[in-house]
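Please read this briefing with the sequence and the 3D structure side by side, and look up each part as it is named.

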Amino acid sequence: MKSLTELKKGYLKVFLWLLFTLFLVPVITLVFAEYGNAQLDQQYTQFFMNDAQEQHQDTGKLQTFLQQNPPSSVCGPVDENLQDYKNAVCAPQSELWQFYMMDKVAFWTLIGSGVVLLMVLLFSALAFKSRKGQVISLALARKFLMLACSLEVMVQGGMLVWLSFWGTAFFTQTYYPKLVMAVGLLVLAGMYYMIKGIFKKLPPEESIEGEVVTREAAPALWSQIDMLAARVGTTPPDHIVAGIDTNFYVTEAPLSVNGHPLTGRKLYVSIPLLRQLTVAQADGVMVHELTHLHEGDTASGALLGPKLHRFDLYMQLMGQNLATLIVYYPLYLYRMLFELAWQRNSREREFVADRNASTLVSPAAIIESLIKVSAYASYRSEVERNFFNNRTLHENELGISKAIAAGLPEHVASPDFISVVREQNVP
C-alpha cells in the first residue's frame, strides 16, 4: 500500500499537470495578444502621425486623440462618431481585430478553466457526502466534464493554430504552412478521439466462472440463507453462485456465469473458503454479505458501476493521446477524488456489515472468519505463484488444493503470519 506521503505527492502531481494543461495555452495566448495589441497600437499611431506630418496637419490634436483612443480600444462597441476610425484600424479579420479577439477569447478561457477546476472540486465534495451523493456527483460530473473539456479542446486548439501562424509571422514577417497544418491536424485528432470516446460502446458485462446453485441442488444451503436473510430483515438473494475464487460478495450488477446472463440479487460463495469455516463463521460471513443487500449497498453499486466504467474508459482514451491531455487531467483528478470518497464510504459500509454480523451471530465468528479468509487467500496466492514460477508441466491435476491443505497449518503457525494478515486487504 502507498504511504500517505506518496499519495499526497500523487495528488499534487496530477493537480499541477491539470493547472499546466488548462491554463498554459490561454496564458501564452493572452500575453502574446496583449503584446501584439500594444505593438500594433504603436505602429498605427506612428503611421497616423507620419501621415499627418506629411499632410502638414496639426499633430497635437491627433496625438491627444490617439492617446485617448488607442487603435485597439475601438475594436469593441464604439460610438457612431468613432465608427469610421474603427473601420480603418480594426476591420473584421484585420491584424488588430484578430489580436483583440484572441485577447478576449484567452481571458474568458482562463475564466472557464477556473470554473472547470472549481466544478471538479465541488463534484468531488458532493461525492464525499453519501453514496447517493456519489451517484448524483458522477452523473453531473461526467456530463459537465465531457462538455466543458470538449469546448476547452476546440477553443485551445484554435488558439494553438492561431499561435502557430502569428507566433512566427509577427516576429519574422513569415509563416510556416507545415507548422500550421501540423497543429491543425493535432487539434482535429483531439476532436476525433473525444467524439470516439463519447460514443464508445461498453464492453460485455462481467463474466465469472462458477455454478449457479439452485434450491433443488442445495436445499440445506438455501434454507440457511433464507433463515439468515430473515434475521437480517432482507429478502434472500435471487441466485447463489458457487466458485473457487477466494471471496464472498453480493451484487446486483448484471453479470454472466459461464457465458449465461444472470440478473437480480446474487450471492457468490467460495467453495474452498467454506471448507475452512465453521458453521458459525460461515453464518457470520453470510450475514455480513446479506447486510449489504439490506442496506442498499449493492443497488447503489449496480447503479454506479456502469457509469463509473464508462467514465474510466473515456478517461483512459483521453490519456492515450497528446491531443486530448487537456481533457485527461480534469477527468483524472475528479476520478482520484471520487475513488477516495468511494473507498471511505465503502469502508464505512463494511463496518456496518461487520457490526451486524457480530450482533446477529457473534463477534468471535466474524473475527475468526476474517482471519481465516485472509490466511487462506494469502497462502493460496503464494502456492499458485510458486507453481507457475516453477514452469513444470503437469499432465494430470496441478495439486494446488493438496499443497494448500498440507502447508496451510505451517503457514498459519509461522512467525510471519501476523504481519501477512495485517497487510492483507480483506474484502
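**The sheet and its surroundings**

Four strands form an open sheet with mixed pairing, in the order β2-β3-β7-β4, where two strands pair if DSSP finds at least two bridges between them. Because β2 (211-213) and β4 stand at the edges with a single partner strand each, one side of each is left without a neighbour in the sheet. This is a predicted model, in which local features need pLDDT of at least 70 and side-chain atom pairs count only at pLDDT 80 or more, while totals for chains, interfaces and linings use all residues. Residues are numbered from 1 along each chain as its sequence is written, and side-chain values use heavy atoms, with hydrogens and water left out. Helices (H or I, at least four residues) and strands (E, at least two) are DSSP runs, numbered from the N terminus.

- Strand β4 (residues 249-251) runs antiparallel to β7, with three bridges joining the two, and Val250 stands opposite Leu267 in β7.
- Strand β7 (residues 266-270) is mostly covered, since five of its five residues are buried, a word that means under 20% relative accessible area, with exposed meaning over 50% and partly exposed in between (1.4 Å probe, protein chains only).
- In a regular strand the side chains alternate between the two faces of the sheet.
- From β7, Lys266, Tyr268 and Ser270 point one way and Leu267 and Val269 the other way, and all are buried.

*Nonpolar cores*

- The largest nonpolar core has 60 residues, and those with the most contacts inside it are Leu145, Met318, Val327, Leu331 and Tyr334; a nonpolar core is a set of buried Ala, Val, Leu, Ile, Met, Phe, Trp, Tyr and Cys residues joined through side-chain atoms within 4.5 Å.
- Two or more residues of this core come from each of α1 (4-54), α3 (83-89), α4 (95-127), α5 (131-172), α10 (297-319) and α11 (325-360), and α5 gives the most to this core, with 14 residues.
- Leaving aside its neighbours within four places in sequence, Leu145 is in contact with Val116, Val120, Ser150, Phe311, Pro330, Leu331 and Tyr334, where contact means heavy atoms within 4.5 Å.
- A second, separate core of 29 residues includes Ala229, Leu360, Tyr376 and Tyr379.

*Helix pairs*

- The axes of helix α6 (residues 177-198) and α10 come within 9 Å and cross at roughly 165 degrees; axes are lines fitted to C-alpha atoms, for helices over the stretch in contact, and angles run from 0 to 180 degrees between N-to-C directions.
- That angle makes α6 roughly antiparallel to α10, given that angles under 35 degrees count as roughly parallel, over 145 as roughly antiparallel, 65 to 115 as roughly perpendicular and the rest as oblique.
- The contact between these helices is made by Tyr193, Met194, Lys196, Gly197 and Ile198 of α6 and by Arg310, Tyr314, Leu317 and Met318 of α10.
- The axes of α4 and α11 also come within 9 Å, crossing at roughly 15 degrees, and the two helices are therefore roughly parallel to each other.
- Among the residues that make the contact of this second pair are Val116 and Val120 of α4 and Pro330 and Tyr334 of α11.

*Two single residues*

- Asn37 lies in helix α1 and, at 7% relative accessibility, counts as buried.
- Apart from its neighbours within four places in sequence, Asn37 is in contact with Ser72, Leu96, Phe99, Tyr100 and Asp103, whereas the C-alpha atoms of Asn37 and Ala375, 338 residues apart along the chain, are separated by 71 Å.
- Asp416 lies in the loop between α13 (400-413) and α14 (417-423), and at 52% relative accessibility Asp416 counts as exposed.
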